[in-house]
Amino acid sequence: HENIGLQSQPPPKEQNYGATAAHVRQGPFVSASRNSPAKRDYLTVALLCYGNLINFMDWFIVPGILLDIQRYFKLSDGDTGLLQTVFILCYMLAAPIFGYLGDRYNRKVILGAGIFFWSGVTLGSSFISKLYYWIFFLSRGLVGIGTASYSTIAPTIIADMFEEGKRTTMLSIFYIFIPVGSGLGYVLAAGMADVTGDWHWAFRITPCMGGLALVLLILLVPHRTQRRTAAHRALSISGTLRVAAEKPGVQRTAKTTWCQDVTSLAKNSSFVWSSLGLTAMAFVTGALGMWVPLFLYRAQVVQGIVSPCFQESCNSSNSLIFGGITIGTGILGVIAGAEAARRLRKINNKADPLICAASMFISALCLYIALMVAQTNILSAFIFIALGELFLSVNWAVVTDILLYVVTPRRQSTAIALQILVSHLLGDAGSPYLIGTISNAIQAKNANSFRWSFWSMQYSFIVCAFVGVFGGGFFLLTSFYIEEDRKEAER
């Protein structure tokens with residue numbers, strides 16, 4: 001996502017918006033100096049996709065066996081929610097540091113060190129005694145730091161190996177492993193807990209997979225991964241200066257400070273409102289990812305479908321089902337959202353934010369219905385949760401496209417960094433803890449029973465439905481400004 005400070009505009013007939021516009025603007029004077037990608041490049045991408053799979057499996061092992069962990073360490077709902085909050089906060093704070101290091105030092109070494117570090121910490125966390133629960137919290141934070149090294153550096157290696165068109169395809173394949181890895185994290189955790197009767201084994205599989213990834217990384221990825229950005233910047237700058245000299249009407253873009261960029265972005269209404277919409281999405285997905293299997297377990301106990309779990313290993317079928325739902329709805333939603341945006345842009349320039357708004361409203365309604373029917377019909381609850389996740393997933397690619405065409409290219413890196421920071425800080429970093437804390441407060445004021453254990457989680461989850469509605473409103477506000485901001489970015 002590193003962008004070039006001096007850019008020229010594409011010819012008028014080629015101006016567009018969305019991903020196409022972003023690619024056109026990113027360097028029209030850069031010649032395709034490379035030959036077709038070699039087989040080794042594709043092997044490298046396959047390896048990096050495999051690493052991304054492991055990365056996100058590690059993210060969601062804890063939610064997959066949340067009930068077991070909660071009982072083992074005797075955690076309240078609030079403390080349990082803090083597990084994911086610690087993980088995401090450490091991830092969020094470490095990502096800019098690794099981004100800085102990745103721009104200046106050998107990325108293969110940083111990538112390998114990150115895989116080794118988070119795999120080792122994950123393995124070590126499986127041996128922590130119930131007396132030292134705080135070490136388990138610390139280990140989740142350390143895993144978040146390790147995975148941040150991968151998420152920030154791996155995409156840049158892929159981007160440097162391919163030209164524009166092929167690059168988009170390779171990055172899309174890389175990112176599709178986010179929902180796949182997330183769902184497999186649930187499946188792995190629940191499956192290992194069921195097979196072995198001990199939830200600790202869920203933390204001993206991904207380190208083995210990480211060890212294989214580290215060996216393949218050493219063997220397959222070139223020691224010095226190629227950086228194209230410096231050369232591209234030089235070519236783009238010289239080309240822009242040449243055009244500026246030939247066409248007096250074309251002005252060169254002056255360098256700006258980081259503070260000036262942030263101030264400009266704060267005045268970009270489309271960027272601000274779409275970022276708040278993304279934050280609402282992150283809030284909801286973070287809370288759902290952490291608490292849904294436990295919520296459905298409590299609903300089943302109230303209905304008498306399952307017996308209360310008092311032993312060390314509890315039934316993990318809900319995590320298995322929810323993992324499968326996450327994989328399927330994630331892939332389908334991302335593809336459907338991108339295709340819907342592509343088609344509807346032809347008839348409405350405001351299609352992107354309107355798609356996001358509609359999907360947020362529908363998702364919020366589906367989640368609310370799921371909460372209401374969970375006490376009487378678990379199957380219906382699963383169906384509406386799946387629909388809610390599907391409509392949430394529709395927005396991921398579309399929101400990124402909005403940023404690409406409402407922000408001028410030389411500020412896109414800053415815009416992406418700010419959007420990631422805000423969406424995590426106000427979204428999924430706090431939502432699991434907030435839901436758990438509200439549930440704690442409700443339980444404290446009522447009888448200690450299985451029914452109130454379910455109701456407390458149900459009432460706290462309603463917050464997600466309201467946040468989803470607010471997210472839809474933010475995207476609607478985006479639609480009021482998007483045409484003007486897009487034209488401004490093109491100018």
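## Handedness and angle of α12 and α16

In this predicted model, the crossing of α12 and α16 is left-handed, a term used when the near helix is turned anticlockwise from the far one by less than a right angle, clockwise being right-handed. Helices here are DSSP runs (H or I, at least four residues), numbered from the N terminus.

The axes of α12 (residues 269-303) and α16 (residues 395-406) come within 10 Å and cross at roughly 160 degrees, where axes are lines fitted to C-alpha atoms over the stretch in contact and angles run from 0 to 180 degrees between N-to-C directions. The two helices are therefore roughly antiparallel to each other (angles over 145 degrees).

## Residues between α12 and α16

Contact (heavy atoms within 4.5 Å) is made by S270, F271, S274, L278, M281 and T285 of α12, together with N395, W396, V399, I402, L403 and V406 of α16. These residues divide into eight nonpolar, four polar and no charged, with Ala, Val, Leu, Ile, Met, Phe, Trp, Tyr, Cys and Pro counted as nonpolar, Asp, Glu, Lys and Arg as charged, and the others, Gly among them, as polar.

## The pair α6 and α9

Helix α6 (residues 107-125) packs against helix α9 (residues 206-220) at an angle of about 165 degrees, their axes being 9 Å apart, and these helices are therefore roughly antiparallel to each other. Their crossing is left-handed.

On α6 the contact includes K108, L111 and G112, and on α9 it includes T206, P207 and G210. The residues of this contact divide into eight nonpolar, five polar and one charged.

## Basis of the values

Residues are numbered from 1 along each chain as its sequence is written, and side-chain values use heavy atoms, leaving out hydrogens and water. Because the model is predicted, local features need pLDDT of at least 70 and side-chain atom pairs count only at pLDDT 80 or more, whereas totals for chains, interfaces and linings use all residues.

Conventions
Parallel < 35°, antiparallel > 145°, perpendicular 65-115°, else oblique.
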